[in-house]
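Q: Could you walk me through this structure, a bit at a time? I am new to this.

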Amino acid sequence: MTAGAALPMRRRAAVNVDIDGLYLYDRIHGHSGGAGNDAGFSATAHDPRAWTRGVARFLDLFDRTGVRATFFVVAQDLDHPDVAAVFREVVAAGHEVGNHSLTHPYDLSRLPRASMVAELAVARDRLQQRAGAAVHGFRAPGYVLSPTLLDVIAETGHRYDSSRFPCPPYQAAKALAIGAYRLAGRPSGSIPEPPSVWLGKTEPHVTQTASGAALVELPIGVVPGVRMPFIGTSLIAFGAVGWRLTQPLISSAGWVNFECHAIDLCDVARDGLPERLRAQPDQRVPLQKKWPLFVRVLESLSRSHEIRTLAEWAAAMAPP
């Protein structure tokens, strides 16, 4: 490179955590039923350990690796005092807060428009008040969108969406699991994505909603070429061997959106969580094996990519 020549732009990456309360996994695995909020649910009484264990460990992880991340928050959970305390730590550490809806109804994309507006607008207002900063991004429960929901995301003041997961292996496995739970007489609250999403765009892009609004879409990460999932759950499931095989592809990718869940850094035995949570692949591996793997991945991403929050990447792409 000649003297004074511009350095090439580094590859782009983002790291984010969906903070789904433990009660949401009961909905997924058909223990509580219902895609929407459970009857009688109390945000002040629910188990806060996804926050007090999982989020607390992610904060330690990001502090160690120098990563500023995005945390997608279900707003009703902030009514729990222990959750509110950890949320203040997230904000104080300089991480971005994203909107993950008010109550996390898995069928949000199928609700009446007015219900969608309430879920997004009330949640955004609560999150902004607690964070003391604007909330720019949204992630749909279960990643499922619809044209109406995309309209509502823009209408309620969000700059970007990060719900698209163009990953055929994940989407097929999800559809099969939903069908299996139904056959077992224990229907899942989760709903499948239409096949049109499975092979969608993997790179960030600006999309136009049905009403003509421009919205930045920041897809969730897949391994380039093979479109295998690159998220916390798959990292844990495939382990160190899987990471060694995929690292060259991830390191060369132009866009990496490494999406995790708070439960990824929980441990059923160590944290005294309900045994039924072992239905989750991330809960079949002890924390002592997961932690060094996450450290290795984030250190590798920091070397190969420029890591920013999703809001920062969206701002760089937003149309004038």
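Q: Glu 155 first: what is its relative accessibility, and what does it count as?
A: Glu 155 has 48% relative accessibility and so counts as partly exposed; buried means under 20% relative accessible area, exposed over 50%, and partly exposed in between, with a 1.4 Å probe and protein chains only. Bear in mind that this is a predicted model, where local features need pLDDT of at least 70 and side-chain atom pairs count only at pLDDT 80 or more, while totals for chains, interfaces and linings use all residues. Residues are numbered from 1 along each chain as its sequence is written, and side-chain values use heavy atoms, leaving out hydrogens and water.

Q: Which side chain does Glu 155 meet in a salt bridge?
A: That of Arg 113, at 2.6 Å from N to O; a salt bridge here is a side-chain nitrogen of Lys or Arg within 4 Å of a carboxyl oxygen of Asp or Glu. Glu 155 lies in helix H5 (residues 147-155) and Arg 113 in helix H4, so the pair ties together parts 42 residues apart in sequence; helices (H or I, at least four residues) are DSSP runs, as are strands (E, at least two), numbered from the N terminus.

Q: And is Arg 113 buried, exposed or partly exposed?
A: Arg 113 is partly exposed, its relative accessible area being 36%.

Q: How many salt bridges does a search of the whole structure find?
A: The search finds eleven, and one of them joins Arg 130 to Asp 79, with the closest N and O atoms 3.9 Å apart.

Q: New topic: where is Val 226?
A: Val 226 sits in the loop between E7 and helix H8 (232-252), and Val 226 is exposed, at 52% relative accessible area.
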